[in-house]
Amino acid sequence: MKSAAELRQWEIPNTAIFSDTPGGLVRLEIETPLASAEIYLHGAHVAKFQPVGQAPVLFLSKKSHFTPGKAIRGGVPIIFPWFGPKADQPEAPAHGFTRTAAWELESVSQAQGGEVHVAMRFASSDATRALWPHDFVLRFNVVIGAALEMTLEVENTSEGPFTYENALHTYLTVCDVLEIGVFGLEGAEFIDKVDGGQRKRQKKTLVGIHKETDRLYLNTTATCSVNDLSLSRRIIVEKSGSNSTVVWNPWQGKGMSLTDLAEEWPRMICIETVNAADNAITLAAGDRHSTRAIVRSEPY
């Protein structure tokens with residue numbers, strides 16, 4: 001991984017600055033009249049997004065690891081090429097290998113409207129092929145403006161097709177998870193991972209969080225919203241190129257067992273932009289697929 005000094009050519013004075021962190025990671029800090037943000041090349045990880053005058057939209061645990069080889073707890077981890085445990089190799093890294101990999105910076109630029117665009121890249125190698133025997137190129141484009149826009153493109157550079165799962169595993173900040181509601185998933189079928197993987201149907205308009213919740217909603221392209229009365233705002237997650245949505249909160253028992261989360265579990269809810277299970281993607285040789293999420297907040 002390159003150091004901050006080696007990335008100075010991409011800096012935008014007073015707007016986008018690289019720094020080396022104590023744990024050994026490189027961080028891009030962005031400050032504009034629209035929003036502030038932090039992006040790590042470790043995992044191409046968007047760790048912070050905060051529109052001017054608002055509370056942070058993304059949740060980031062104070063106990064998170066910020067060291068090579070460890071996933072960052074919060075923000076937006078990138079999941080690829082499998083979601084959760086690897087079906088045929090349970091000892092493989094959960095959620096694939098991209099969230100703890102060193103990504104390559106391709107560009108940093110600023111648009112006339114003030115938005116900052118960041119492009120990163122990660123390609124297959126001997127190390128990835130040892131875990132997943134396919135060739136690929138991932139490109140992750142992030143726009144920091146009044147909203148957070150993220151696009152993950154997967155290109156199949158193998159000689160034949162492959163099937164993969166992916167996710168933009170977005171952690172959102174809430175005042176108290178017991179007091180919020182998630183809207184947009186009414187009528188969708190979901191796999192209830194807390195109830196032995198049973199398939200159920202979302203009957204209510206609102207998804208409330210009153211216990212450990214880990215649901216993979218299938219065949220849905222719906223926009224979701226998180227209504228948070230205590231913070232007087234609604235967070236909206238709009239997506240494309242994604243046919244699954246995950247709603248996750250570990251609750252007290254599991255949350256406290258996660259040493260990089262612990263007592264902070266009530267302050268987060270994950271609304272994840274996903275392609276998994278029935279909605280895994282099969283990509284022909286030479287083809288590309290993009291998964292896009294737009295996260296924004298508005299008064300409520």
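**Cavity, sheet and cysteines**

Mentor: Let's start with the lining of the largest cavity: by class, it has 4 nonpolar, 2 polar and 2 charged residues. This is a predicted model, where local features need pLDDT of at least 70 and side-chain atom pairs pLDDT 80 or more, while totals for chains, interfaces and linings use all residues. Residues count from 1 along each chain as its sequence is written, and side-chain values use heavy atoms, without hydrogens or water.

Trainee: What makes a residue count as nonpolar, charged or polar?

Mentor: Ala, Val, Leu, Ile, Met, Phe, Trp, Tyr, Cys and Pro are nonpolar, Asp, Glu, Lys and Arg are charged, and the others, Gly among them, are polar. The lining consists of Ala222, Cys224, Val237, Lys239, Thr245, Ile271, Glu272 and Thr273. So Lys239 and Glu272 go under charged.

Trainee: What makes a space a cavity, and a residue part of its lining?

Mentor: On a 1 Å grid over the protein atoms alone, a cavity is a set of points where a 1.4 Å probe fits but cannot get out, and lining residues have an atom within 4 Å of a point. The structure holds 1 cavity of 30 Å³ or more. The largest cavity has a volume of about 40 Å³, the volume being the space filled by probe spheres set on the points. Strand 21 gives the largest share of the lining, 3 residues.

Trainee: Why are strand 13 and strand 18 called a pair?

Mentor: Strands (DSSP runs of E, at least two residues, numbered from the N terminus) pair if DSSP finds at least two bridges between them. Strand 13 (residues 181-183) and strand 18 (residues 224-228) have 3 bridges, so they pass, in the antiparallel sense.

Trainee: Are Cys270 and Cys175 buried, partly exposed or exposed, and why?

Mentor: Buried means under 20% relative accessible area, exposed over 50%, partly exposed in between (1.4 Å probe, protein chains only). Cys270 has 0%, so it counts as buried. Cys175 has 40%, so Cys175 is partly exposed.

Note on methods:
Helices (H or I, at least four residues) and strands (E, at least two) are DSSP runs, numbered from the N terminus. On a 1 Å grid over the protein atoms alone, a cavity is a set of points where a 1.4 Å probe fits but cannot get out, and a pocket is an open set with protein on both sides within 12 Å along at least five of seven lines; lining residues have an atom within 4 Å of a point.
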